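Please examine the sequence and the structure shown below.

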Amino acid sequence: MNKIALRSVLVLAFGVLLGACSGKPSYEPAQQSGDAPPLPAARNFLVPPMQVPRYAGWKQGQAPKVAPGLRIEKIASSLMHPRQLYTLPNGDILVVESNGPGSEPVTTPKQLIANKVKNLSGKGAKGGNRITLLRSNGNAGAEWEKHVFIENLHSPFGVQLIGDTLYVANTDAIVKFPYVTGATQITAPGVEFTDLPATINHHWTKALVASPDGSKLYVGVGSNSNITENGIDQEYRRANVLEVDVASASSRIYASGLRNPTGLQIEPHTGKLWAIVNERDEIGADLVPDYLTSVQEGGFYGWPYSYYGQHVDSRVMPQRPDLVAKAIKPDYALGSHVAALGLLFSDTNALPEKYHNGAFVGEHGSWDRSPLSGYSVVHVAFVQGKPVGVPEPIVTGFYSDDESELYGAPVGLAQDKDGALLIADDVGDAVWRVTAASPGTP
Amino acid sequence: MNSHVAPHRSILANAAYGLLNPIPFGFFVAALIFDIIYVRTAGVLWNKGAAWLIVFGLLIAVIPRFVNLAQVWITSRQVARRADKLDFWLNLLAIVAAIFNAFVHSRDAYAVVPAGVWLSVCTVLLLSIGHIVMAVHHSAAKESVHE
């Protein structure tokens with residue numbers, strides 16, 4: 001009698017355990033895009049939804065799939081975790097080869113397991129801590145010339161040229177280098193321009209873009225946790241966009257509450273600063289959609305206390321109703337856990353006309369969703385400086401059809417001097433170039 | 001209990017059990033104290049400390065629990081008393097609660113509250129009852145011998 005009772009309790013308990021593990025999504029990423037994404041109720045899990053395809057890499061001759069009317073070619077391979085691209089005025093392309101500094105200490109049992117799981121995909125591979133310069137040698141279909149441009153960097157991400165000074169955002173500081181047009185290597189040591197928040201570095205990337213007049217640098221600084229689990233005191237000057245004065249190197253918080261602003265760009269029609277931001281994990285497969293937003297000076301965008309305006313996150317203690325009340329709703333959702341890591345505004349380019357006037361977004365994909373989302377490059381159309389419609393996938397096929405193997409993952413984007421879209425692929429260690437299938441056709 | 005039946009127990013198993021069995025109980029009690037402090041202060045180190053205590057408590061419990069399983073149900077089946085069996089089931093339930101609790105404690109920040117605290121309370125309560133049952137039964141058995 002006693003035993004039967006105990007057994008039924010056990011059976012019940014394991015049923016609850018299994019039930020709590022399922023975190024099936026009820027939306028497609030595109031359904032959760034736009035200015036008013038549907039948001040289900042937040043849930044806590046025993047094990048959050050996760051799926052990590054195993055690293056496979058690209059086979060000889062294999063390439064991502066492109067939308068109809070486009071063609072793709074590989075212009076560089078055998079790179080060391082290429083993360084970010086930047087086009088110099090003479091048409092040379094800088095490839096930032098980098099990964100996290102690995103400085104985050106293991107402070108919970110969960111991290112021991114999570115780190116192992118996440119690294120199965122190849123996303124944890126060691127970065128080159130260098131910048132490689134690519135130069136077209138004019139041979140169509142061939143890989144471009146590769147030159148080691150700057151070495152011995154410290155988890156670099158953002159790059160910006162102002163005049164003849166090249167600013168590189170390492171994870172702990174912006175360093176500057178003298179640049180001469182046409183140079184294929186910089187041997188002069190970098191000079192520290194200004195330091196950046198560098199404790200823990202849970203989110204380590206420091207995105208960088210200059211204001212249109214070149215007087216300010218905007219720096220995207222990610223949070224030091226998913227949702228303050230490392231303590232709110234670790235979030236000092238974190239989860240924000242810093243504005244650095246180029247003349248004095250002094251800095252201030254330009255906008256805050258942006259959990260992980262991984263891409264910053266100036267929208268060409270309005271001259272306004274825009275950002276892609278990665279939102280919080282572990283409260284559901286459909287929460288919280290990552291977003292693309294204009295960044296208002298002095299604006300607060302919710303993290304950690306709330307998301308999409310006034311949706312309070314109960315995991316943060318103490319709560320701050322005063323800050324929740326003033327949280328700004330972002331302009332445009334991209335979908336949950338797509339992990340947007342690359343942003344490029346493009347008015348005109350060598351792609352068909354429907355891909356003009358808008359933003360390209362490189363979506364790296366996340367561990368915290370099953371089925372997978374992201375792992376693609378999408379186009380978001382803009383009308384009068386505002387995003388419209390749903391994100392249009394233009395480059396996909398970064399994982400196998402059964403979602404078990406990962407060939408590559410798109411990150412940084414750039415446009416070359418011929419108007420082609422360039423994509424850094426940090427899992428496939430390659431740079432891809434996308435153009436119209438038949439040149440000249442709109 | 002038939003005191004004239006010689007218990008068939010290995011010395012090594014008894015030593016391992018005696019040495020390791022008290023440790024998880026202490027860890028789980030400490031985790032409960034940390035949990036209560038975390039609820040009141042929201043200081044994240046208490047939360048992380050509790051998570052480690054529960055995981056290590058479970059790891060250290062593996063050997064004594066298997067020794068207990070073997071002794072109660074196999075090697076000493078003839079001499080196992082009702083108290084021994086009750087203690088076994090209480091411990092099993094406590095371990096199940098602690099396994100759930102390890103997962104709950106893998107959540108971020110205040111998402112551990114309140115489920116994690118209640119699971120810690122359950123674990124400690126079940127183990128406490130087990131200890132009391134064994135202690136009371138042990139002293140009762142001794143008294144009957146002294147009479």
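Q: In the hairpin of E24(A) and E25(A), which residue takes a positive phi?
A: This is a predicted model, in which local features need pLDDT of at least 70, side-chain atom pairs count only at pLDDT 80 or more, and totals for chains, interfaces and linings use all residues. Residues are numbered from 1 along each chain as its sequence is written, while chains are lettered from A and ligands numbered from 1 in the order in which they are written. The hairpin has 2 residues between its strands. The residue with a positive phi, near 50°, is Gln384(A).

Q: How many bridges join strand E24 of chain A to E25(A)?
A: Strands (E, at least two residues) and helices (H or I, at least four) are DSSP runs numbered from the N terminus, and two strands pair if DSSP finds at least two bridges between them. E24 (residues 376–383) of chain A runs antiparallel to E25(A), and Phe382(A) stands opposite Pro387(A) there. The number of bridges is 6.

Q: Which residue in E25(A) is the bridge partner of Lys65(A)?
A: Strand E2 (residues 65–66) of chain A is joined by 2 bridges to E25 (residues 386–396) of chain A, in an antiparallel arrangement. In E25(A), the partner of Lys65(A) is Thr396(A).

Q: Is Thr228(A) buried or exposed?
A: Thr228(A) lies in the loop between strand E13 (216–221) and strand E14 (240–245) of chain A, and has a positive phi of about 65° although it is not a glycine. A residue is buried if 20 or more other C-beta atoms, placed from the backbone, lie within 10 Å of its own, exposed if 12 or fewer, and partly exposed in between. Because 26 other C-beta atoms lie within 10 Å of Thr228(A), this residue is buried.

Q: How many other C-beta atoms lie within 10 Å of Ala339(A)?
A: Ala339(A) is found in the loop between strand E21 (332–336) and strand E22 (340–346) of chain A. Its phi is near 55°, a positive value in a residue other than glycine. Ala339(A) is buried, and the number of other C-beta atoms within 10 Å is 28.

Q: From which residue does the cis peptide bond to Pro114(B) come?
A: Pro114(B) is placed in the loop between H4 and helix H5 (115–146) of chain B. The bond to Pro114(B) is cis, with omega near 0°, and comes from Val113(B).

Q: Which pattern does chain B follow along the sequence?
A: Chain B has 5 helices and 0 strands. Read along the sequence, its pattern is α-α-α-α-α.

Q: How many residues of chain A are in contact with chain B?
A: Two residues are in contact if their C-beta atoms, placed from the backbone, lie within 7 Å. On the side of chain B that touches chain A, helix H3 (44–75) and helix H4 (82–104) each supply at least two residues. Chain B contributes 17 residues to the contact, and the number from chain A is 23.
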